[in-house]
Amino acid sequence: MRFLTRDLLLRLALLAWLTGVWVLLWGNVSPANILGGLAVALFVTTVLALPRVPVEGRVHPLSIVRLLGVLIWYAGVSSVQVAWAAIRPGEAPINAVLRYPVRIKSDLVLTFLVDALNMVPGTLVLEIDREERVLYIHVFDVGKPDAIDQFRTIARTYEDAFIASFERDREWHPAVTSSHSTTDEEEAVAETARDISTDFSGKDRT
């Protein structure tokens, strides 16, 4: 029952997240956009469903409230910065691709982080190195001496907020996936094959 409730909460959270992204893409909060986003979210999670990603942490509501505050604050700050860079006199802004190592262990939470970074104006995650846990991020307007450090501070704040919300170290446990069971079965089969081979070898010698 506990896992059923958790699975249901995860599905509801995913629907709410996809609906929110749809509304943000349209740029207008209205009943039609909310219903349209919910319909798209249901279609994506049912007809176009991908393999399930294991959930390996716990959800902390108060930390999620703080996370939402962080997302809204930095999205607003970045919007102002991008708007000013578009109208200010002088040379065109300098862009860069930065390498950012992450401490997040879960692929699901890492996906949430990437989505959040992509929603920041002027920022786009270009590549994810899943094995090395590294993101390659396009960053807008890094001409100032401290611009790169400022962005890394923002990204670290995002990451800390996601870890506090979903993946605290003392609560995170790697999920047991089907790949592990398959490996165990293969080892058992290999062990049986070696035993049979040994028996046949013994018979051949006699």
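In this predicted model, Arg 133 sits in the loop that links strand S2 (123-129) to strand S3 (134-139). Its backbone has a positive phi of about 60°, although Arg 133 is not a glycine. Most residues other than glycine have a negative phi. Arg 133 counts as buried because its relative accessibility is 16%, and the cut-off for buried is under 20%.

Val 40, Phe 43, Val 44, Val 47 and Leu 48 make a nonpolar surface patch of about 410 Å². One of these residues, Val 47, lies in the loop between helix H2 (31-46) and helix H3 (61-87). Val 47 has a relative accessible area of 56%, so it is classed as exposed, the cut-off for that class being over 50%.

An unreviewed UniProt entry annotates residues 12-29, 35-55 and 67-87 as "transmembrane region". In the model, the span of residues 12-29 is 83% helix and 0% strand, and its end C-alpha atoms lie 19 Å apart. Residues 67-87 are 100% helix and 0% strand, with end C-alpha atoms 31 Å apart.

Note on methods
Residues are numbered from 1 along each chain as its sequence is written. This is a predicted model: local features need pLDDT of at least 70, side-chain atom pairs count only at pLDDT 80 or more; totals for chains, interfaces and linings use all residues. Side-chain values use heavy atoms; hydrogens and water are left out. Helices (H or I, at least four residues) and strands (E, at least two) are DSSP runs, numbered from the N terminus. Buried means under 20% relative accessible area, exposed over 50%, partly exposed in between (1.4 Å probe, protein chains only). Patches are made of residues with over 30% relative accessible area and no salt bridge: like charges are joined within 9 Å, nonpolar side chains (Val, Leu, Ile, Met, Phe, Trp, Tyr) within 5 Å. Accessible areas come from the Shrake-Rupley method with a 1.4 Å probe; for residues, only the protein chains shown count as cover. A salt bridge is a side-chain nitrogen of Lys or Arg within 4 Å of a carboxyl oxygen of Asp or Glu. UniProt positions are given in the numbering used here, feature names are shortened, and annotations may be inferred rather than shown by experiment.
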